[in-house]
Amino acid sequence: MTREVKQWWEATAEYFQAESDVTVGVHWNWPNDFDPQILADVESCDVLELGCGGGQLGIGLAKRGANVTGIDLSAEQLAHARTLAAEHDVDVAFCQGDITDLRMFEDERFDVACNAWVFQWVDDLAAVFEETNRVLRPDGRFVFSMPHPYYEIVDADSQVVTESYFDTGRYVIESEGVAVDQVMYRHKVSEVYNDLVDAGFDVERLHEPGTDDSDAYEEGPWGTRTPELMSKVPNVLVVEARKQG
Ligand SMILES: C[S@@+](CC[C@H](N)C(=O)[O-])C[C@H]1O[C@@H](n2cnc3c(N)ncnc32)[C@H](O)[C@@H]1O
């Protein structure tokens, strides 16, 4: 449920922003330097960031001349985003809401929709994709990244597959020192692809960036992104889709 996800983000936003070290700009996650050109040409475009969190991606796009709107569940995350936008002297319209319901935006309001690392907290991806399709103009682009579903079922220490890829849906992670548990959702790659197609998108590119050289990686936070495992299994899935014209 969205309420559980919101509660967890309100409780952990400050810690997350202090520890995750997300930099302002276009980043799809590890490897951090993967294809910064995907959203290079956004000058004067109306951009919607879905689940903008601390605002780093949207602020990066605003610096490239885009008119950015960011929506997120968490007031704490949005407070961080507003402070960061002021520090970078850019205007971004931040609003609080659930990305499964974008009724606050009219049809065909945006040229581009994007996000990084959000859909693992969203149950109903089909609803997000349908709503995103509605608010995009014909031929509008939808670019996002998410943890690679296969990486998420491998234990980072033992490198053993500990969960079933087919066991999709809700799972709960106990958060040490936090009163609420973290509720997340597993999705299969085929589910992501099929839901995009059903919502009216052409999927133009799937990216699984990485290399088999473990020395090329830096350790990610919280012990789950290890160079050893990332050099064996793709840890991020990046999707480029386009609303059918
Ligand atoms: C990892 S952060 C996004 C990355 C961002 N660059 C950051 O560092 O904060 C994930 C964000 O998704 C938001 N989120 C999760 N589910 C959401 C939903 N259904 N609607 C809106 N935002 C959601 C969370 O509140 C959180 O701020």
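Here is a short walk through this predicted model, from its sheet to one histidine.

Let's start with the sheet. Strands of a sheet pair through backbone hydrogen bonds, and they can do so in parallel or antiparallel fashion. In this model, seven strands make up an open sheet with mixed pairing, and their order is S3-S2-S1-S4-S5-S9-S8. The edges are taken by strand S3 (92-96) and strand S8 (201-207); each has a single partner strand, so one side of each is left without a neighbour in the sheet. If you follow the sheet across, neighbouring strands are turned by 15 degrees against each other on average, direction ignored.

Strand S2 (residues 67-72) runs parallel to S3, and five bridges join the two. To find one of these pairings on your screen, look for Thr-69, whose bridge partner in S3 is Ala-93. Lying across S2 and S3 is helix H3 (residues 75-87), which runs at about 170 degrees to S3.

Our last stop is His-187, in the loop between strand S7 (182-186) and helix H5 (189-199). Is this histidine, His-187, buried or exposed? Its relative accessible area is 5%, and because buried means under 20%, His-187 counts as buried. The side chain of His-187 has two backbone oxygens to find: that of Val-122 at 2.7 Å and that of Phe-119 at 3.3 Å. Leaving aside neighbours within four places in sequence, the residues in contact with His-187 include Phe-119 and Val-122 again, along with Asp-123, Leu-125, Met-146, Pro-149, Thr-168 and Val-192.

Conventions: Residues numbered from 1 in each chain as written. Predicted model: local features only at pLDDT ≥ 70, side-chain atom pairs only at ≥ 80, totals over all residues. Heavy atoms only, no water. Pairing = 2+ DSSP bridges. Helix = DSSP H or I, 4+ residues; strand = E, 2+ residues; numbered from the N terminus. Axes fitted to C-alpha atoms, helices over the stretch in contact; angles between N-to-C directions. Contact = heavy atoms within 4.5 Å. Buried < 20%, exposed > 50% of the residue type's maximum accessible area, 1.4 Å probe, protein only. Polar contact = N/O pair within 3.5 Å; in protein donor to acceptor, adjacent residues only side chain to side chain.
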